[in-house]
Amino acid sequence: MSIKLKKGEEVSVVGLGAQLPKVVVALGWDEATADIIEAGLFGRKKKVPIDIDCDASALALVGGKLFRDEDIISYTNLNHSSGAINHLGDNLTGEGDGDNEQIVVDINNLPYDYDEIVFVANIYRGKAKQQHFGMIKNAFIRILDSSNKEICKFDLTDDYSGSTSLFFGKLYRKDGEWKFVAMGEGTMDDDIEEIAQKYK
C-alpha cells in the first residue's frame, strides 16, 4: 500500500541488508491553462493551454555536495556516468495523464560515495517568460519499485506563485538505509545551473 507523504515527512525505501533495488522517481504536473473570452455575442470563457516547459533533474551528491557537473542528470545529460541514474526523457508541456518525467535509480549499482540524490524541476526560461509554478496545478512526486508498484507519493499542495524552480524531494542514505523525504520547496532559480550552485 502506498504511503501518502506530507511536506517534511520521510519514509524508508530500502533497509539495511536488503537487496537494494532499482526505484523509479516519477514527477508530474498538469498542463497550465488560462481563461480567454471567446469572440461573439455571449463572450464565453474558454480555457486554453499555456506553453510552459518544466524540466526535471536529479543531482547526485557526495556528503551533501555536488563535485562534478556530470553528476547533474537532466534532459541534456540523461545518463549518469555510473549507469545507475537514468533520465527517461523530456516532457515539454505537462500534457497527458500520469507521470510527466521519470528518473530511474539503480541503488544497488550506485557508487558508495554518493549518499544523496535531490530531485528538482525548473521552468525553462521561466523568468524571461514571466512563468512560475503557481501557474501549474497538481504537481507530485512518487517513488515506484522495480515492478512499478508505488511505494510513496507526495502531492505538492502549497502555493508556489513566483517560484521558477521546485525541489520535489530527495533520496538519501543514513546508517546503511535509503530513505525518501518530501521537500516541496520553491525557489527563484532560473535553471539547473543556478540550482546546482546551492550544493557546490
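## A surface patch

Y75 sits in the loop between β7 and β8 (85-87); strands (E, at least two residues) are DSSP runs, numbered from the N terminus. With a relative accessibility of 39%, Y75 counts as partly exposed. On this scale buried means under 20% relative accessible area, exposed means over 50%, and partly exposed lies in between (1.4 Å probe, protein chains only).

Together with L78 and Y124, Y75 forms a nonpolar patch on the surface, and the accessible area of the three is about 260 Å². Such areas come from the Shrake-Rupley method with a 1.4 Å probe, and for residues only the protein chains shown count as cover. Patches are made of residues with over 30% relative accessible area and no salt bridge; nonpolar side chains (Val, Leu, Ile, Met, Phe, Trp, Tyr) are joined within 5 Å, like charges within 9 Å.

## About the model

This is a predicted model, in which local features need pLDDT of at least 70 and side-chain atom pairs count only at pLDDT 80 or more, while totals for chains, interfaces and linings use all residues. Residues are numbered from 1 along each chain as its sequence is written, and side-chain values use heavy atoms, with hydrogens and water left out.

## The six-stranded sheet

Six strands form an open sheet with antiparallel pairing, in the order β2-β14-β13-β10-β6-β7. The edges are β2 (10-14) and β7 (72-73); each has a single partner strand, so one side of each is left without a neighbour in the sheet. Two strands count as paired if DSSP finds at least two bridges between them. Strands of a sheet pair through backbone hydrogen bonds, either parallel or antiparallel.

V14 has W178 in β14 as its bridge partner.

## Strand β6

Strand β6 (residues 54-61) is mostly covered, with eight of its eight residues buried. In a regular strand the side chains alternate between the two faces of the sheet. Both faces of β6 are covered: one side carries C54, A56, A58 and A60, the other D55, S57, L59 and L61, and all are buried. β6 is also joined to β10 by eight bridges, the two running antiparallel. C54 is placed opposite I123 of β10.

## Salt bridges

Side chains of opposite charge can pair when their charged atoms come close. A salt bridge is counted when a side-chain nitrogen of Lys or Arg is within 4 Å of a carboxyl oxygen of Asp or Glu. The whole structure has ten salt bridges.

One of them is between the side chains of K4 and E150 (3.5 Å, N to O). This pair links distant parts of the chain, with K4 in strand β1 (residues 3-5) and E150 in strand β12 (residues 150-155), 146 residues apart. K4 is exposed at 54% relative accessibility, while E150 is buried with a relative accessible area of 19%. E10 forms a salt bridge with K179, where the closest N and O atoms are 3.4 Å apart. E10 in strand β2 and K179 in strand β14 are 169 residues apart, so this pair too links distant parts of the chain.

The side chains of K170 and E116 also meet in a salt bridge (3.5 Å, N to O). K170 lies in strand β13 and E116 in strand β10 (residues 116-123), so the pair ties together parts that are 54 residues apart in sequence. K170 counts as partly exposed at 23% relative accessibility, whereas E116, at 14%, counts as buried. Salt bridges that share partners join K4, D99, R142 and E150 into one network.

R173 lies in strand β13 (residues 165-174). R173 is buried yet has no salt bridge, and D115, the nearest side chain of opposite charge, is 5.0 Å away. The side chain of R173 reaches the backbone oxygen of Y114 at 2.9 Å.

E101 is in strand β9 (residues 101-106) and is buried, with a relative accessible area of 2%. The E101 side chain makes a polar contact with the side chain of H87 (3.2 Å). A polar contact is a pair of N or O atoms within 3.5 Å; within protein, one must be able to donate a hydrogen and the other to accept it, and residues adjacent in sequence count only if both atoms are side-chain atoms. E101 and G89 are twelve residues apart in sequence and 6.6 Å apart in space, C-alpha to C-alpha.

Notes
Helices (H or I, at least four residues) and strands (E, at least two) are DSSP runs, numbered from the N terminus. Lys and Arg count as positive and Asp and Glu as negative; His and the chain ends are not counted.
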